[in-house]
Amino acid sequence: MLANSISEIFERIRKSDKKMKLMIICAFIGIALIMLSEAMPFQSAKNNNADKDYSYDEYVSMLERKTENLIESINGAGECSVMLTLKNTRESVYAKNSEESRNDGSYSNSFEYVLYKGQDGETPVLVKQYFPQVMGVAVVCSGGDNVTVRENIISCLSSVFDIPTSKISVSKLK
């Protein structure tokens with residue numbers, strides 16, 4: 001019965017016009033691609049710069065380069081150089097189990113980190129990671145003497161880094 005149904009389908013395909021055959025072939029190719037995409041392991045789309053383990057100096061340099069590129073794209077800013085001051089370094093918060101006990105007026109608190117077994121042995125479970133916050137920005141650019149350009153740069157940086165405009169300095173490049 002199934003063999004008869006399949007042979008009927010193939011017979012109809014053979015008798016159909018070229019457009020119909022092309023549509024059927026495209027459908028089979030689409031189904032095959034979907035099946036292949038499920039079968040093949042792909043790298044996570046999460047593989048970006050946020051996952052890379054930067055040193056403090058590398059992080060600051062990368063942030064300064066990105067800020068320079070952003071400022072140079074502002075109309076009239078021209079060539080620029082940026083210096084950032086950051087608050088703290090990177091801070092990691094790990095999962096931990098805590099235990100409190102109160103007995104006859106005494107209080108004790110103890111905790112231990114939650115560990116998981118990985119390829120490199122036991123590793124603590126990372127809950128959050130805080131990157132250094134920008135505290136101030138100094139910009140020296142070709143268009144730094146133009147009031148409109150200066151205001152655009154200050155407004156942009158204040159929005160991007162969520163810092164007050166008093167912590168941003170823009171000057172003309174010599």
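Modeller: Start with pairing: two strands pair if DSSP finds at least two bridges between them. Strands (E, at least two residues) and helices (H or I, at least four residues) are DSSP runs, numbered from the N terminus. Note that this is a predicted model: local features need pLDDT of at least 70, side-chain atom pairs count only at pLDDT 80 or more, and totals for chains, interfaces and linings use all residues. Residues are numbered from 1 along each chain as its sequence is written, and side-chain values use heavy atoms, with hydrogens and water left out.

Biologist: How do you know that β8 and β9 pair?

Modeller: Strand β8 covers residues 133–141, and five bridges link β8 to β9. The rule asks for at least two, so β8 and β9 count as paired. Their sense is parallel.

Biologist: Which strands make up the open sheet, and in what order?

Modeller: Three strands, in the order β1-β8-β9, with mixed pairing. β1 (80–87) and β9 (168–172) stand at the edges. Each has a single partner strand, so one side of each has no neighbour in the sheet. From one strand to the next, the twist averages 15°.

Biologist: What packs on the sheet?

Modeller: Helix α3, residues 56–72. Helix α3 touches β1 and β8, and its direction makes about 135° with that of β1. For such angles, axes are lines fitted to C-alpha atoms, for helices over the stretch in contact, and angles run from 0 to 180 degrees between N-to-C directions.

Biologist: Why is Thr 67 called buried?

Modeller: Thr 67 sits in helix α3. Its relative accessibility is 4%. Buried means under 20% relative accessible area, exposed over 50%, and partly exposed in between (1.4 Å probe, protein chains only). At 4%, Thr 67 falls under the cut-off, so the word is buried. Leaving aside neighbours within four places in sequence, Thr 67 is in contact (heavy atoms within 4.5 Å) with Val 82, Leu 84, Leu 157 and Phe 161.

Biologist: What makes Asp 162 exposed?

Modeller: Its relative accessible area is 70%. The limit for exposed is over 50%, so Asp 162 passes. Asp 162 lies in the loop between α4 (147–161) and β9. Its phi is near 55°, a positive value in a residue other than glycine.

Biologist: Pro 164 is in that loop too. Why is Pro 164 called partly exposed?

Modeller: The value for Pro 164 is 45%. That lies between 20% and 50%, so Pro 164 is partly exposed. Leu 173, in the segment after β9, has 26% and is partly exposed as well.

Biologist: How far apart are Leu 173 and Cys 80?

Modeller: They are 93 residues apart in sequence and 7.3 Å apart in space, C-alpha to C-alpha. Residues 24 or more positions apart account for 62% of the chain's contacts with a separation of 6 or more.

Biologist: How do you know that strand β3 lies largely in the open?

Modeller: Count the buried residues. Strand β3 (residues 96–103) has eight residues, and the number buried is zero, so β3 lies largely in the open. Across the protein chain, buried residues make up 20% of the 174 residues.

Biologist: What joins β3 to β4?

Modeller: Eight bridges, and the two strands run antiparallel. Strand β4 covers residues 106–113. β3 and β4 form a hairpin with two residues between them. In the turn, Asp 104 has a positive phi of about 45°.

Biologist: Where does Leu 115 belong?

Modeller: Leu 115 is in strand β5 (residues 115–118). With 44%, Leu 115 is partly exposed.
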